[in-house]
Amino acid sequence: MVNETEFSEVVARIKELWPSPAFHRDWNEPNQRIAFKKLSTFAQHEVLDCLENHRYDNPDAREPKFSEVAAKLWAVKKERAARTGGDGVSALPSWPTILAWGNRKSDD
């Protein structure tokens, strides 16, 4: 799980991958907290890899879609759990649930 210290490295990498001044100006502390909440349940290396893949899949994007990144990470986690014998598969949400969760604006 990404902790707050490791997330600062994630933020730095995001700013490298999306160097737009408009994105940097708009991506303030509250928006970074939302991204942290969406991505904090995954390991730092998983988040960084997924962000890089997301950037290369969407080269013209002005900013990352954190909901899509989180959904991809959940899908990988669910697939990994299924390959290891199904431990915890039933505890993981379905794909539509993941997308709905990722599209919410807050965790209320």
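**Helix packing, core and salt bridges in the predicted model**

Glutamate 79 has a relative accessible area of 47% and is partly exposed (buried means under 20% relative accessible area, exposed over 50%, partly exposed in between, with a 1.4 Å probe and protein chains only). The model is predicted: local features need pLDDT of at least 70, side-chain atom pairs count only at pLDDT 80 or more, and totals for chains, interfaces and linings use all residues. Residues are numbered from 1 along each chain as its sequence is written, and side-chain values use heavy atoms, leaving out hydrogens and water.

Glutamate 79 forms a salt bridge with arginine 83, with the closest N and O atoms 3.5 Å apart (a salt bridge is a side-chain nitrogen of Lys or Arg within 4 Å of a carboxyl oxygen of Asp or Glu). The two are four residues apart in helix H5, so about one helical turn separates them (helices are DSSP runs of H or I, at least four residues, numbered from the N terminus). Arginine 83 is exposed, at 61% relative accessibility.

The structure holds eight salt bridges. Glutamate 4 pairs with arginine 33, the closest N and O atoms being 3.1 Å apart. This pair links distant parts of the chain, helix H1 and helix H3, across 29 residues. Arginine 33 is partly exposed at 31%. Glutamate 16 is exposed, with a relative accessible area of 53%. Arg13, Glu16 and Glu52 are linked in a network of salt bridges.

Helix H1 (residues 4–17) packs against helix H4 (residues 44–57) at an angle of about 10°, with the axes 10 Å apart (axes are lines fitted to C-alpha atoms over the stretch in contact, and angles run from 0 to 180 degrees between N-to-C directions). H1 is therefore roughly parallel to H4 (angles under 35 degrees count as roughly parallel). The contact includes Glu6, Glu9 and Val10 of H1 and Gln44, Val47 and Leu48 of H4 (contact means heavy atoms within 4.5 Å). Glutamate 9 and glutamine 44 lie 8.8 Å apart, C-alpha to C-alpha.

The largest nonpolar core has 21 residues (a core is a set of buried Ala, Val, Leu, Ile, Met, Phe, Trp, Tyr and Cys residues joined through side-chain atoms within 4.5 Å). Phe7, Ile14, Leu39, Val47 and Leu51 have the most contacts inside it. H1, H3, H4 and H5 each give two or more residues to this core.

Note on methods:
Parallel < 35°, antiparallel > 145°, perpendicular 65-115°, else oblique.
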